[in-house]
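Look at the structure first, then try each task before you read its solution.

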Amino acid sequence: MDEEKLEQLVHEADRVVPRPTPKEFFRKQPHKSLENISDYERLYKESIENPDGFFGKMAHKFLSWDRDFDKVSWGSFEQGDVAWFLGGKLNACYNCVDRHAFAHPDKPAIIFEADDEKESRILTFKDLLQQVCQVAELLASWGIKKGDIVAIYLPMTPEALIAMLACVRIGALHSCIFAGFSAGSIKERVFDAHSKVVITCDEGKRGGKITHAKQILNEALKECPEVEKVLVYKRTGNPKVEMVEGRDFWWQKECEQFRGYFPPVPVDSEDPLFILYTSGSTGTPKGVVHCTAGYLLGAAMTTRYVFDLQPEDTLFTAGDVGWITGHTYSLYGPLVLGVPTIVFEGTPAYPDMGRFWKIVEKYKATHFYVAPTALRMLKKSGEAEIDKYDLSSLRTLGSVGEPIASEIWKWYDEKIGHGCCHIADTYWQTESGSHLIAPLAGAVPTKPGAATLPFFGIDAVIIDPQTGKVLEGNDVEGVLAVRSPWPSMARTVYQCHQRFLNAYLRPYPGFYFTGDGAGRDHDGYYWIKGRVDDVVNVSGHRLSTGEIEAVLLESKKVSESAVVGIGDDLTGQAVIAAVQLKDSHLVHDAETMIALRKELRLLVRKVIGPFAAPKSIIIVDDLPKTRSGKIIRRILRKVCSGEAKSIGDTSTMANPHVIVNLVSEVEQQFGVKN
Ligand code: WTA
């Protein structure tokens with residue numbers, strides 16, 4: 001490249017943000033495995049036209065097998081019997097730990113940044129192997145065997161990852177329960193999975209505060225008679241934490257008796273690896289089941305090709321193992337590739353708004369992955385901190401969990417990436433296991449706010465929800481579905497295959513239905529619009545409105561409840577609840593109304609978790625209903641969003657007159673004008 005062109009490019013970069021030097025400018029490196037979009041197009045075509053050939057090759061490239069597979073893919077969406085790599089045997093823990101510990105024992109595997117910086121530590125692959133083996137042997141000595149489900153209720157600490165790997169080492173499944181969940185949600189999950197063992201810690205540390213993991217778990221376990229043993233990691237050592245004699249054991253003490261090597265148990269490709277509960281439109285949370293080989297391959301391939309994560313890199317996923325992002329991109333994706341993963345216990349705002357950037361600088365993270373909700377918060381109140389840190393190690397910036405507005409995308413690109421990083425907006429779900437639609441960093445050109453193009457093997461389609469027909473060509477909008485199975489897709493819902501079929505494979509026969517609305521633009525790029533069902537997404541946390549409604553109905557004072565998600569500048573969506581009281585005379589003045597709202601919010605916090613508590617609760621005389629008595633949430637959503645004028649047809653309503661009241665109640669109590 002001639003000097004003049006270089007000057008010009010640097011000048012161009014300077015215009016966007018003043019900082020990059022010529023060297024930094026050229027950090028915006030091309031993809032290391034693929035050259036450009038034609039490479040992507042060629043491989044994508046191959047993955048769709050010859051999935052067996054393509055994924056067979058990939059499975060050999062990325063995974064170590066104890067026994068090679070005989071058949072690459074099997075089954076169909078019509079039959080609901082999808083399976084991959086039949087006849088193969090492998091162990092996920094061996095793939096994530098042993099093989100890297102043998103090759104480079106002293107390479108960092110888990111970089112732990114504690115809430116209190118002074119407690120941070122680094123575990124090498126050798127350390128990880130030893131600690132995982134000790135817990136695996138302990139679990140085995142407790143009688144845990146292949147196919148058992150161990151519940152893990154731990155905050156974002158190395159122990160969460162160690163516990164997960166220990167389970168899969170002996171062929172047991174982990175069922176992680178987000179540390180922000182309260183007793184009611186824990187009970188439901190432990191009970192449904194028939195877990196006999198739960199792994200937790202005495203207390204957690206987050207944002208400078210203590211969280212009470214063991215105390216909350218004790219409350220939940222009062223109603224879980226099947227739990228025989230609880231393993232407790234001593235994190236704070238508070239002597240007041242209650243241990244139940246004969247049931248609860250200290251992690252550190254128990255592990256001391258094991259030598260630090262315990263052989264992995266090879267399992268079949270299709271043996272389940274883990275379950276993870278997630279919210280759907282209806283009923284209780286579903287225990288989504290992922291299987292070993294397909295899931296692991298999806299994690300490995302997307303981490304390598306979407307993020308372009310290479311052995312010398314360091315990935316900082318600011319997620320939580322309680323959700324799928326923590327499973328795939330804090331644990332399995334980086335470790336299966338032998339790449340260090342940064343595990344951060346705290347929050348982006350503690351001790352100040354510069355915490356994320358301090359971590360990036362400290363460990364020279366090359367990749368950073370977060371939900372837009374954190375970016376919105378940092379843009380609003382944490383900008384001043386950004387320039388204090390050297391972010392020049394960064395190469396790829398990922399976004400996950402909710403749509404990223406183009407304005408936030410650009411801010412991420414300029415303010416954090418200094419115009420030098422690739423921005424990867426990654427669209428996927430708990431059920432997909434790994435990225436469905438995302439740009440391959442450095443190979444696929446991006447557009448601010450678009451998830452861009454489907455990953456290898458993902459035959460994405462847009463369906464017209466009215467006719468159920470696939471909309472061909474570009475410039476179309478509808479619901480997003482996938483035409484053929486991919487390796488990392490969930491196989492079933494734990495103990496309820498019918499629910500799996502009903503939620504994903506029956507709505508549009510022959511297709512996997514994502515539950516999201518989406519558009520494909522004139523270039524064939526996908527833009528995700530958000531859920532078309534009763535799932536709300538608050539700060540990237542997935543919740544079902546039905547679950548919150550059920551909790552509100554547990555109050556003796558409430559006769560009906562309707563919960564909706566409405567747009568929110570900070571959290572993406574916010575939960576709004578409308579409740580009808582059994583006795584409307586109960587609230588006769590402002591004070592009792594405030595007290596009742598507080599009581600109901602507390603109830604949701606206590607049963608589900610603080611993040612599910614409605615932002616506002618509106619007390620109404622009547623809720624909009626159909627003639628068959630079903631609550632019409634759409635109308636409530638419109639009124640709460642100030643869009644009552646666009647409610648449209650109300651002819652199917654049993655009580656159209658309630659709209660006028662609803663509008664005035666929402667205005668009085670919630671301050672939204674229609
Ligand atoms: C939403 C999180 C837009 C979507 C990985 C999906 C997104 C749900 C994006 C799954 C994105 C996730 N753009 N929307 N990049 N990523 N979603 O199971 O509605 O917690 O169906 O998995 O989050 O949430 P889940």
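A pocket is an open set of grid points with protein on both sides within 12 Å along at least five of seven lines, and its lining residues have an atom within 4 Å of a point. Keep in mind that the model is predicted.

**Exercise 1. Describe the second largest pocket: its space, its lining and the elements that supply it.**

Solution. 
Step 1: take the volume. The second largest pocket holds about 280 Å³ of space.
Step 2: find the lining. It has 17 residues, and those nearest the pocket centre are Tyr 44, Pro 454, Ala 460, Arg 520 and Tyr 526.
Step 3: trace the elements. Helix 3 (37-49) and strand 21 (460-463) each give two or more residues to this lining.
Step 4: sort by class. The lining splits into 10 nonpolar, 2 polar and 5 charged residues.

**Exercise 2. Which residues come nearest the ligand, and which atoms pair up with its atoms?**

Solution. 
Step 1: list the shell. There are 17 residues around the ligand, and Thr 426, Thr 430, Asp 516, Arg 531 and Arg 542 come nearest.
Step 2: start with the backbone. Thr 426 places a backbone N or O atom 2.7 Å from a ligand nitrogen.
Step 3: turn to side chains. An N or O atom in the Gln 429 side chain is 3.0 Å from a ligand oxygen. For the side chain of Asn 537, the distance from an N or O atom to a ligand oxygen is 3.4 Å.
Step 4: check the cover. Alone, the ligand exposes 520 Å², and the protein buries 96% of that.
Step 5: name the elements. Helix 12 (324-336), strand 20 (422-426) and strand 25 (526-531) each give two or more residues to the shell.
Step 6: sort by class. The shell has 6 nonpolar, 6 polar and 5 charged residues.

**Exercise 3. How many cavities of 30 Å³ or more are there, and what lines the largest?**

Solution. 
Step 1: count. The total is 5 cavities of 30 Å³ or more.
Step 2: take the largest. Its volume is about 90 Å³.
Step 3: look at its lining. Of 13 lining residues, Gly 298, Ser 434, Phe 455, Pro 487 and Ser 488 lie nearest the centre. Helix 11 (residues 292-305) gives the largest share, 4 residues.
Step 4: sort by class. The lining of the largest cavity has 8 nonpolar, 5 polar and no charged residues.

Definitions and conventions
Residues are numbered from 1 along each chain as its sequence is written. This is a predicted model: local features need pLDDT of at least 70, side-chain atom pairs count only at pLDDT 80 or more; totals for chains, interfaces and linings use all residues. Side-chain values use heavy atoms; hydrogens and water are left out. A residue is near a molecule or strand if one of its heavy atoms lies within 4 Å of it. A polar contact is a pair of N or O atoms within 3.5 Å; within protein, one must be able to donate a hydrogen and the other to accept it, and residues adjacent in sequence count only if both atoms are side-chain atoms. Accessible areas come from the Shrake-Rupley method with a 1.4 Å probe; for residues, only the protein chains shown count as cover. Ala, Val, Leu, Ile, Met, Phe, Trp, Tyr, Cys and Pro count as nonpolar, Asp, Glu, Lys and Arg as charged, and the others, Gly among them, as polar. On a 1 Å grid over the protein atoms alone, a cavity is a set of points where a 1.4 Å probe fits but cannot get out, and a pocket is an open set with protein on both sides within 12 Å along at least five of seven lines; lining residues have an atom within 4 Å of a point. Grid points are joined across faces, edges and corners, and a volume is the space filled by probe spheres set on the points.
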